[in-house]
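Subject: Structure handover: pockets and salt bridges

Hello,

Here is the structure for you to look through. My notes on its pockets and salt bridges follow below.

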Amino acid sequence: MECRPLKNGARIVFTDVDGTLLDAEHRPIPASASAIARLGERGIPFVLVSARMPEALTPIQRTLRFSGPLVCYSGAYATDERGVELLSRPMPIELALKASRIVAERASDVCCMAYGYHRWVVDDRLDPRVANEERIVGCQSEEGTLEDVFGEVGGLHKLLLVGEAGRMGALRAELAAALPELTVVLSSPILCEIMAGGVSKAEGVRVVCEHYGLEPSQAMAFGDGHNDVDMLAAVPESYAMANGEAAVRAAATHVTRLTNDENGLATELERLL
């Protein structure tokens, strides 16, 4: 299908999910389906870029009635519209084990979850933080160990740490200093993600653009959190959500007039359509 660009020249749209596309309760907003459908009619791909696993993104696509590539684990893993792998940047199992040991020794009250490819592994599914994450993403975890589940495949794509707001920043800094080979970022005040070194949402944007024969200079992106900044910097037309953190709003070329809860993303798309 021939692409008819948006008013700003964009030929592909990338968006973060939680805090951006979804409402404050992490639910798709049905009214946004119309704008996404109009993108499809113009031959413009709409691509989800998230810290989530693939199985936590496909239900959003179904609800809003669109399909397309997925950039998962904050850029560590990406698939095309058929689910075929476009990008995989797993961290070695040895480094993942080292990171989990540091967390256990220095922040034993922090919950550590592991993700690789299509599996989500936890120590205890009864942990209320695990149950809350299952509720938010609509997927079930499985109990197991890093060695048993990811040892044979040689690595995994993400560790997710869940702890109290106010202390995760210090833990992130400590882990980043101890493990310079890895990427350690905060995705919210209570969430810290650990991935292979060099992983970024920006690389996911580049790989998906390449899949369509496009350049990042032909893309636009939406986001709200610190882990979206590199993605916003990778495209010329970047939109921070009105509810986004101050540093994110400062890093973007635009700020949406409305918040995620007010369907700010779809409102901007309708204006550009």
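The largest pocket holds about 700 Å³ of space. It is lined by 36 residues, and D18, H26, S187, S188 and L191 are the closest to its centre. Please keep in mind that this is a predicted model.

Four elements each give at least two residues to the lining of the largest pocket: α4 (128–137), β11 (158–162), β12 (182–188) and β13 (191–196). The largest share comes from α4, with five residues. By class, the lining of the largest pocket has 13 nonpolar, eleven polar and twelve charged residues.

The second largest pocket has a volume of about 350 Å³. Its lining has 21 residues, and those nearest the centre are S100, C112, M113, V122 and D123. Here α3, β7 (111–116), β8 (119–122) and α5 (146–150) each supply at least two lining residues, and β7 gives the largest share, four residues. This lining divides into 13 nonpolar, four polar and four charged residues.

Now the salt bridges. Side chains of opposite charge can pair when their charged atoms come close. There are 15 salt bridges in the structure.

D16 and K201 form a salt bridge through their side chains, at 3.1 Å from N to O. D16 sits in the loop between β1 (12–15) and α1 (33–41), while K201 belongs to helix α7 (residues 201–211), so this pair ties together parts that are 185 residues apart in sequence. Both residues, D16 and K201, are buried.

The side chains of D80 and R82 also meet in a salt bridge, again with 3.1 Å from N to O. Which of these two is buried and which is exposed? D80 has a relative accessible area of 3% and is buried, because buried means under 20%. R82 has a relative accessible area of 66% and is exposed, because exposed means over 50%.

R106 lies in helix α3 (residues 93–106) and E174 in helix α6 (residues 168–178), so the pair ties together parts that are 68 residues apart in sequence. R106 is partly exposed, at 47% relative accessible area, and E174 is partly exposed at 33%.

Last, the network: salt bridges link R89, E203, R206 and E210.

Regards

Methods:
Residues are numbered from 1 along each chain as its sequence is written. This is a predicted model: local features need pLDDT of at least 70, side-chain atom pairs count only at pLDDT 80 or more; totals for chains, interfaces and linings use all residues. Side-chain values use heavy atoms; hydrogens and water are left out. A salt bridge is a side-chain nitrogen of Lys or Arg within 4 Å of a carboxyl oxygen of Asp or Glu. Buried means under 20% relative accessible area, exposed over 50%, partly exposed in between (1.4 Å probe, protein chains only). On a 1 Å grid over the protein atoms alone, a cavity is a set of points where a 1.4 Å probe fits but cannot get out, and a pocket is an open set with protein on both sides within 12 Å along at least five of seven lines; lining residues have an atom within 4 Å of a point. Grid points are joined across faces, edges and corners, and a volume is the space filled by probe spheres set on the points. Ala, Val, Leu, Ile, Met, Phe, Trp, Tyr, Cys and Pro count as nonpolar, Asp, Glu, Lys and Arg as charged, and the others, Gly among them, as polar.
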